[in-house]
Protein chains: 2
Amino acid sequence: MILMPEKKLKRGVAVAGVGLSKFGAFPEKNSRDLFVEAFLDLMGSMKGFDPHQIEAFYLGNFSSDQFEKQAHLAPILASWVGLSPISTLRIEDACASSGVALRQAALAIASGQYDVVLVGGVEKMTSLEIAAVTEALGTAADAQFEVSVGFTFPGFYAAMATAYMHEFQADPKAFYHVSIKNHNNGALNEYAQFRQTIREIMESKKERAAQKGRPVPAWEDEFDFLSDPKGNPMVAWPMALFDCSPVSDGAAVALLVSEEIANSFTETPIYMIGSGQASDGALPERENLYSIPAALEAGRQAYQMANLGPDDIDIAEVHDCFTIAEIIATEDLGFFDRGKGWQAAIEGKTARDGIRPVNTSGGLKAKGHPVGATGVGQVAEIWKQLNGIAGERQVQGNPKIGLTHNVGGTGQTCVVNIFERRA
Amino acid sequence: MILMPEKKLKRGVAVAGVGLSKFGAFPEKNSRDLFVEAFLDLMGSMKGFDPHQIEAFYLGNFSSDQFEKQAHLAPILASWVGLSPISTLRIEDACASSGVALRQAALAIASGQYDVVLVGGVEKMTSLEIAAVTEALGTAADAQFEVSVGFTFPGFYAAMATAYMHEFQADPKAFYHVSIKNHNNGALNEYAQFRQTIREIMESKKERAAQKGRPVPAWEDEFDFLSDPKGNPMVAWPMALFDCSPVSDGAAVALLVSEEIANSFTETPIYMIGSGQASDGALPERENLYSIPAALEAGRQAYQMANLGPDDIDIAEVHDCFTIAEIIATEDLGFFDRGKGWQAAIEGKTARDGIRPVNTSGGLKAKGHPVGATGVGQVAEIWKQLNGIAGERQVQGNPKIGLTHNVGGTGQTCVVNIFERRA
């Protein structure tokens with residue numbers, strides 16, 4: 001692996017505000033509607049802010065081309081909220097699109113070109129039938145070497161899960177723990193697609209069966225439910241329905257400003273103190289399937305820029321497109337030793353009251369995964385947690401340092417950003 | 001219009017080398033092949049350069065999603081030439097994708113994050129049937145307000161042409177002059193899709209008719225040919241076949257480095273001394289159709305950063321997706337007064353030996369328009385002209401300052417970059 005020479009940014013960057021649309025399936029909303037919802041959510045939280053101060057718009061979007069027959073989306077969205085003629089562009093790195101957009105916007109501020117930049121992420125996915133969505137998402141894999149041999153994304157991550165289980169004798173129950181935890185968190189997030197715990201989902205299924213006079217399943221707890229194909233149908237072994245993030249519509253925005261003016265926008269800025277980004281080829285080129293090299297490299301860069309290590313991270317939002325992905329992420333980021341992430345999940349170390357809370361938002365699994373919006377959506381959660389405004393799901397202990405980990409494809413792209421509250 | 005506060009970049013950026021694939025229709029090549037061809041063209045011109053010095057890859061691509069069912073193209077291309085795990089991303093701004101990618105790469109260098117960045121542009125368009133290409137390109141327009149009422153791109157630019165002709169009593173023969181000039185230039189460009197002058201095309205059509213025993217058209221010169229629907233069929237009045245850039249496959253790359261190390265990469269760097277980028281909404285929102293507001297704003301920013309005016313520009317590559325677009329561009333950039341660009345074209349002022357050579361490469365019209373590759377392709381021509389290595393099409397008088405003007409959609413995006421040779 002090539003190690004990048006580490007470099008200091010010419011000036012610092014802060015997040016001055018965030019906004020989210022509700023994540024979910026909204027037949028009546030298109031990308032514009034979702035973006036406006038997130039933009040107004042930001043504006044509502046920014047007292048006295050004039051949006052004409054925004055100098056550029058960086059949009060993360062995977063493929064409105066395929067989902068809505070609308071490419072060239074960045075200037076359209078900017079115009080839609082009255083921001084023309086500012087510089088606008090769309091960045092695409094599959095499901096890491098808006099995490100990368102945020103990083104690139106930060107570099108543009110560090111360059112001296114801009115002081116105030118709006119970063120957005122949006123994806124409208126439910127416009128297509130589910131098979132067409134799977135096919136569209138498949139274009140994020142390598143058409144020549146991965147898709148052509150019959151893989152779609154559940155299959156990729158299933159292969160990673162079996163490799164992981166084999167290498168580390170992992171108990172597949174760990175996947176249930178990830179899913180249960182993320183639903184527990186999502187249930188407390190008013191923007192989340194799924195606001196039910198898995199126990200609640202189980203109980204409502206039992207109730208419905210009883211109401212319809214059908215035999216009521218004998219599920220006593222979530223583990224009964226998740227290990228029963230009637231509750232949790234298999235998708236690609238060992239990844240079942242509740243291991244997979246959903247198909248979602250949603251948008252997220254963040255306002256980035258140069259460090260020196262951050263306090264004129266908000267009393268509670270958070271500072272972007274580390275950032276790293278790396279790439280990789282297709283799965284067949286990897287040495288193993290139980291870690292993601294681009295995540296290792298992006299994390300290494302981000303930690304080095306921040307001059308911090310994994311133990312300094314108070315909270316993290318990681319890319320749990322599948323439950324196995326969260327376990328691997330917690331190892332790639334150094335939160336747990338290689339091969340120990342599954343045990344940490346079982347032991348509750350990543351729960352809100354654990355030693356390393358992960359995906360307090362509900363993660364991609366429960367908050368939803370409108371792919372282009374996910375990266376900025378992660379930052380919105382870090383903003384709220386670091387500023388102590390995450391409501392019922394607020395992590396205790398006054399968290400100060402937060403990290404986001406956003407993956408494209410099966411790790412062809414990874415971007416890691418680290419944020420700090422200084423007040 | 002909001003005027004952007006002008007800001008200095010924290011450090012300078014130079015182009016250290018360029019590479020092109022041949023532009024054209026290549027059924028046997030995909031995006032990877034085209035990119036490798038351009039990358040090897042760059043490497044062949046860079047003595048002693050180790051590609052592992054490249055720290056990031058910025059790719060401009062409009063929609064390999066639609067053309068090749070391959071999104072997430074940046075890490076794939078980087079891996080294909082051995083550059084993993086560097087940071088990679090795709091930027092999409094329709095036909096301005098790689099002009100914008102170049103600007104963003106420059107900002108990333110100016111930020112201090114990178115010293116050596118590869119910028120690429122690629123598009124593989126001929127994989128689809130021509131009607132499907134037109135539909136795919138149509139996604140660069142506004143699906144809700146433009147496409148839905150039946151417009152495709154020839155129609156948009158035809159509307160701009162008629163507005164222009166009406167407003168300025170322009171002689172539509174001016175369009176022929178643009179097309180003839182650009183074919184004259186493309187004929188001398190070994191990378192161009194069309195290496196024939198329009199006179200040569202006319203003569204070969206006459207010859208073919210004679211060979212087949214058909215009546216030989218009585219065309220005496222290019223104007224006869226272009227004004228005859230048998231030679232130049234109407235597409236969307238007044239834009240006929242020879243007013244339209246072709247559907248093309250191609251790739252282009254440029255190596256950007258920080259100013260202070262440029263001389264260690266090449267003896268002939270060119271410096272990026274100005275850059276501007278702006279956006280706009282759909283056509284119905286415009287005050288008029290005979291200028292492109294985003295081009296005015298991007299040009300203004302670029303001139304101000306470079307501390308130069310239109311009269312300082314020795315050569316320019318402008319976005320002639322249609323002949324009318326070149327005429328409007330020469331006015332938007334201030335080369336000629338508003339409403340006078342058509343006369344300048346007729347008078348030969350934009351020819352290689354004119355006072356303001358425009359599109360010496362052949363432009364999009366004759367060099368070809370693989371949409372995502374066009375912006376970087378323009379820079380390749382400026383590099384060659386400023387360094388005096390443009391061969392038979394070299395502009396005389398030792399040009400020192402060159403400009404590129406790259407448009408997305410009908411001006412929803414425009415990016416203008418200015419380059420200087422200092423040696």
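**The interface and the backbone**

Putting chain B and chain A together buries about 5,600 Å², and carbon and sulfur atoms give 49% of that. Buried area here is the accessible area, taken with a 1.4 Å probe, that two parts lose on being put together, summed over both.

Some ground rules. This is a predicted model, where local features need pLDDT of at least 70, side-chain atom pairs count only at pLDDT 80 or more, and totals for chains, interfaces and linings use all residues. Residues are numbered from 1 along each chain as its sequence is written, chains are lettered from A and ligands numbered from 1 in the order in which they are written, and side-chain values use heavy atoms, with hydrogens and water left out.

Back to the interface. In contact terms, meaning heavy atoms within 4.5 Å, 72 residues of chain B meet 72 residues of chain A. Between chain B and chain A there are 44 residue pairs in polar contact, both residues at pLDDT 80 or more. A polar contact is a pair of N or O atoms within 3.5 Å; within protein, one must be able to donate a hydrogen and the other to accept it, and residues adjacent in sequence count only if both atoms are side-chain atoms.

Which elements of chain B supply at least two residues each to the side that touches chain A? They are α2 (64-68), α3 (73-80), β3 (87-92), α4 (97-110), β8 (270-279) and α10 (293-306). Helices (H or I, at least four residues) and strands (E, at least two) are DSSP runs, numbered from the N terminus. The residues on that side of chain B divide into 30 nonpolar, 24 polar and 18 charged.

Now the charges. The structure holds 43 salt bridges over all chains, and eight are found across the interface of chain B and chain A. The rule asks for a side-chain nitrogen of Lys or Arg within 4 Å of a carboxyl oxygen of Asp or Glu. Lys69(A) and Glu135(B) form one, at 3.2 Å from N to O. Another pairs Asp65(A) with Arg90(B), whose closest N and O atoms are 4.0 Å apart. Asp65(A) is in helix α2 of chain A and Arg90(B) in strand β3 of chain B, so this pair joins two chains.

Strand β3 (residues 87-92) of chain A also runs antiparallel to β3(B), joined by three bridges. Strands count as paired if DSSP finds at least two bridges between them. Ile91(A) has Ile91(B) as its bridge partner.

Last, the backbone. Most residues other than glycine have a negative phi, and most peptide bonds are trans. Ser84(B) and Pro85(B) are joined by a cis peptide bond, with omega about 5 degrees, and Pro85(B) sits in the loop between α3 and β3 of chain B. The bond from Trp237(B) to Pro238(B) is also cis, with omega near 5 degrees. Pro238(B) lies in the loop between β5 (234-236) and β6 (239-240) of chain B.

Terms used: Nonpolar A, V, L, I, M, F, W, Y, C, P; charged D, E, K, R; others polar.
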